Amino acid sequence: APNISEKNPVTLLGLGAMGTALARTWLAAGHPLTVWNRTPARAEALAAEGAEVADSAAAAVAANPLVVVCLLDDASVEEVLGGTDLAGRDLVNLTTSNPAQARARAEWARERGARYLDAGIMAVPPMIGVPEAGGYAFYSGSRELFEQHQETLAVPMGTTYVGEDAGFAALYDVALLSAMYGMFAGVSHAFALIRKEDIDPTAFAPLLADWVVAMAQPAVHQTADHLRSGDYTTNVVSNLAMQVAGVPTFLGTAEQQGVSPELLAPFFELMRRRLAEGNGEEDLTGVIDLLAR
Ligand code: FVH
């Protein structure tokens, strides 16, 4: 049947947990959708929901100007797209990669005649197509491509464009996720401290969550202000000297509770070094200077 939809047609390669969630939102919004997946069985349910299933990656790429890939990693992108003709295509890569891979992939696409947009998804599959869940993706690379397809890209999740450098989406993605892992480390240590006691972890949880949230907002913004001004001493309410003086309390408590300090010890060591350099009136921003290689 002729395609009578006014919605932008999309080709999607990769129907894992994320790709399948993306596909459903485009279908539900009325976008003609062509899909391909290495394991064809994963496309069957989507075919029943209205997707066109291509019998090869090359056929899927040929079907529509906008080609979205959501595969496992950068190597699988190379493997899948390697045998396709990308000339004249708009390639949007939602596969997680690092900044160098994203920049190389942008150049690779350019050499094959495609415009390129890289992305870092800040959402898990259940957040896709659920605007109130707050999921979004960072995009970087061709601004023209982004502006032309933003409405289509915004169907499954929010869109945040972070610049022409194709590596930036991956960099923002990894920076936010790195902060998340630091938070997970602190939360793990906190639960380890109370674990052997008669303390209900579910009663402790709201105290911990509220504290982490209350600390994150001012700490993140003050750090950014200090990095921009270069003065790490403005409006400091808990200075480094005071915080380093408290370290033995943290280490002593861990020892008393039979908990390894290995998650926190590297951060404490950086604080101690910064203090030893004579920066006791700062907050913790100076630790960032020590991390630069
Ligand atoms: N799921 C999540 O929570 C995270 C949220 C943030 C973003 N990530 C990234 O999204 C990419 C896809 O993740 P996914 O959850 O869809 O992953 P899987 O369910 O494991 O599906 C992987 C798909 O990739 C295909 N695939 C893997 N290797 C190859 C290959 N060599 N050639 C062709 N296709 C390949 C796989 O195909 P199949 O196994 O079904 O045949 C799936 O379609 C990812 O970058 C996350 O970091 C998700």
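**Terms and the values behind them**

Guide: The domain assignment divides the chain into domain 1, residues 10-164, and domain 2, residues 195-291. This is a predicted model.

Visitor: What separates the centres of domain 1 and domain 2?

Guide: Taken over C-alpha atoms, the two centres are 40 Å apart.

Visitor: What does the UniProt record list for residues 10-152?

Guide: The unreviewed entry in UniProt lists these residues as "domain: 6-phosphogluconate dehydrogenase NADP-binding". The chain over residues 10-152 is 38% helix and 22% strand, with end C-alpha atoms 8 Å apart.

Visitor: What makes strand S1 and S2 a pair?

Guide: Two strands pair if there are at least two bridges between them. Strand S1, residues 10-13, and S2 have 4 bridges in the parallel sense, and therefore they count as a pair. Within this pair, Thr11 stands opposite Thr34 in S2. Strand S4, residues 66-69, also pairs with S5 in the parallel sense over 4 bridges, and there Leu66 stands opposite Asp90 in S5.

Visitor: What is said of the two faces of strand S5?

Guide: Both faces of strand S5, residues 90-93, are covered. Asp90 and Val92 on one side, and Leu91 and Asn93 on the other, are all buried.

Visitor: How do you know whether Asn37 is buried or exposed?

Guide: A residue is buried if 20 or more other C-beta atoms lie within 10 Å of its own. Asn37 has 24 such neighbours inside 10 Å, and therefore it counts as buried. Asn37 lies in the loop between strand S2 (33-36) and helix H2 (44-48). Beyond its neighbours within four places in sequence, Asn37 is in contact with Gly14, Leu15, Arg42 and Ala43. The C-alpha atoms of Asn37 and Gly16 are separated by 8.3 Å, although these residues are 21 residues apart along the chain.

Visitor: Which residues are the closest around the ligand?

Guide: Of the 22 residues that surround the ligand, the closest are Gly16, Met18, Arg38, Thr39 and Thr96. Helix H1 (17-28) and helix H4 (74-81) are the elements that give two or more residues to this shell. By class, the shell holds 10 nonpolar, 8 polar and 4 charged residues.

Visitor: Why is helix H10 said to lie largely in the open?

Guide: Helix H10, residues 247-256, has 10 residues, and the number buried is 0, so the helix lies largely in the open. H10 is followed by Gly258, whose phi is positive, near 70°.

Visitor: What makes the phi of Asn235 worth a remark?

Guide: Most residues other than glycine have a negative phi. Asn235 is not a glycine, yet its phi is positive, about 55°. Asn235 lies in the loop between helix H8 (201-229) and helix H9 (240-245).

Methods:
Residues numbered from 1 in each chain as written. Predicted model: local features only at pLDDT ≥ 70, side-chain atom pairs only at ≥ 80, totals over all residues. UniProt positions renumbered as here; feature names shortened; annotations may be inferred. Domains from an automatic or database assignment. Near = placed C-beta within 6 Å. Nonpolar A, V, L, I, M, F, W, Y, C, P; charged D, E, K, R; others polar. Buried ≥ 20, exposed ≤ 12 C-beta atoms within 10 Å, placed from the backbone. Contact = placed C-beta atoms within 7 Å.
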